[in-house]
Amino acid sequence: MPYRPILGRFLQKPEDAGRVRVAVRVRPRNDEDLYYDSELIDCLELQPELRRLKLRKNNWSSESYIFDDVFTESASQKRVYEAVAKPVVETVLSGYNGTVMAYGQTGTGKTYTIGSLGNDNSSERGIMVRALEDVLAEISPGLDNLSISYLQLYLEAIHDLLAPDKNNIALTKDSKSGEVCLPGATVVEISDIDQFLQVLQTGEKNRHASNTKMNARSSRSHAILVVHIQRSSKGKDENEFLSVNINNSEEFPHLSAFFKSKLLIIDLAGSERIDESGVDGQMLEEAKFINLSLNSLGKCINALAENSTHIPTRDSKLTRLLSDSFGGTARTSLIITVSPSARHYSQTSSTIMFGQRAMKVVNAVKLKEDYDSESKYRKLECQIDSLTSELEKQQKDKLHLERRLYEREMTLAEAENKLFEAEKKLAVAEEKPAATSEQGQVEGSTYQVTVAFNEMEVTDLMRKLEEKRSRHAKMEQQLTEFLQNGTWKFAEATSMINLLIKLENHQAAAVASPRTQAMVIWFALIPIALLSLYFLW
Ligand code: ADP
Ligand code: MG
């Protein structure tokens, strides 16, 4: 399959680029719904072709909401994946960070949409499996690298689902990229889909065991799959890579051939509010923390939707983890899941409101370049070395060509002289008087032979001269082409050197800044110390 990054629906309208995409999916009715809903009037009306959902307020009026996609009960897993997650996966493969997340009340189909493994029926595979299938089909084994971490966030603690002993993994900020990361989490390299399914299954088992131990329900925890992709442009058309860079680095255009991107696929805890009244102990803790992370997410989304200056990202682990997904540099797609039953009207209504606000969040999507300066520096140095030796070789060749051209010019002049002499001889021969006597006849025929001979010599010399002229012209053309090529190489080497100097400056600035800061502090401390001494004295 040819590599063809499709930013697709994200870039349909320029003002839409970076906006969080939100789709709504209605779960099919289950037996309980059929039993209870027979006496209730439907509260939802879906118009997928208009991307519209109508929520009935009462018997007379309803409210309409537009989403990026509206999926009815019969929407297939494949269609949901292709509309919601595939565009994110494709942009992650092009070097951007991406997030796909499901939000909704417990029992509305979040896990079905995101985490279904489709063991019995492959058409039921959810977003996690389909995304990994697409990634695996696209990356080049040996050149690119794919790895995953699988985590659970419960009661503000991050548990490693691939290593059950690690039950409080710290969230830190990567000093280089500024991104929030989980250095303590287990990272498993993935090479094929069966291996990925096994890892997911192990994670699910561990999740179940850990929840039983903590007396928790999985609907109260957030399941987080982190997919790390590292791609090299080797083996792909580098221009194809560069052509999709929305904010491609202008400063180091040659360095953008390596990408490290991250895809977060999150199955959130049920969005229903856990009532804190009437619960105690574990339940109260749970109520506080579950409400905390989802409340914080709601607050961040409200603040971002209203362009507020303060975004309370640091209020919970979930919002810290999602800081790049909402208001950051990632492409984000959210699927909100709702129940078709009128019994869940208020939860459905609040989920829809959450989705509508999330649609207003616009991210500044940015390419994740790998600023591994040292290896890039070495690579540039090698390129410069090879360009320099190429340039030297070309200069040697140029001298050689010039010498040969000079020699040709000499032989050309010589030939021209010879021709001139021969023409002179011919003219002399032609001017001899016609023979009258016998001796004269003999002389006449000798002259005729001489004239004929001279004519032949002239013709031969003219042919040789023509040949020499054309060889000369060819050599001149070669020299011109050669000089042009040399100039281009020289220009390329110069731009490389400039780039190297920039990179050096960049590194020097990075090293110098802490030093400068330290000096500023020392200079500030000296007058304070002098003043203190003065007052003490
Ligand atoms: P949640 O994760 O939101 O609590 P689940 O994904 O566990 O909800 O879904 C609850 C039940 O509904 C599961 O039995 C699931 O298989 C079923 N279900 C949800 N959505 C669908 C759907 N679109 N098609 C078929 N079954 C679904
Ligand atoms: Mg679930």
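Predicted model: local features only at pLDDT ≥ 70, side-chain atom pairs only at ≥ 80, totals over all residues.
How far is an oxygen atom of ligand 1 from a polar backbone atom of G109? The distance is 3.0 Å.

Taken alone, ligand 1 exposes 550 Å², and the protein buries 65% of that. A polar backbone atom of G107 is 2.6 Å from an oxygen atom of ligand 1. For T108, a backbone N or O atom lies 3.3 Å from an oxygen atom of the ligand.

Which residues are around ligand 1? One run goes Q105, T106, G107, T108, G109, K110, T111 and Y112, and the others are R25, R27 and P28. Helix α3, residues 110–115, gives the largest share of this shell, with three residues. Sorted by class, the shell has six polar, three charged and two nonpolar residues.

Next, the hairpin. Strand β2, residues 44–47, and strand β3, residues 52–56, run antiparallel and are joined by four bridges. What is the bridge partner of Q47 in β3? That partner is R52. Between the two strands of the hairpin there are four residues, and R51 takes a positive phi near 55°.

Now the second largest pocket. Its volume is about 270 Å³. The lining has 15 residues, and those nearest the centre of the pocket are Y103, S271, L294, N295 and S350. Two elements give two or more residues to this lining: α7, which covers 281–305, and α9, which covers 345–358. Of the elements, α7 gives the most, with six residues. By class, the pocket lining has seven polar, five nonpolar and three charged residues.

Last, the cavities. How many cavities of 30 Å³ or more does the structure hold? There are three. I will describe the second largest cavity, with a volume of about 50 Å³. Which residues line this cavity? They are L297, C300, I311, T313, T319, L322, S323 and F326. In this lining five residues are nonpolar and three are polar, with no charged residues.

To go back over the main points: ligand 1 has 65% of its area buried by the protein, and oxygen atoms of the ligand lie 2.6 Å from a polar backbone atom of G107 and 3.0 Å from one of G109.

Methods. Residues numbered from 1 in each chain as written. Chains lettered and ligands numbered in written order. Heavy atoms only, no water. Near = heavy atom within 4 Å. Polar contact = N/O pair within 3.5 Å; in protein donor to acceptor, adjacent residues only side chain to side chain. Areas by Shrake-Rupley, 256 points an atom, 1.4 Å probe, with all protein chains shown as cover. Nonpolar A, V, L, I, M, F, W, Y, C, P; charged D, E, K, R; others polar. 1 Å grid on protein atoms, 1.4 Å probe; cavity = no way out; pocket = protein on both sides within 12 Å on 5 of 7 lines; lining within 4 Å. Points joined across faces, edges and corners; volume = space filled by probe spheres on them. Pairing = 2+ DSSP bridges.
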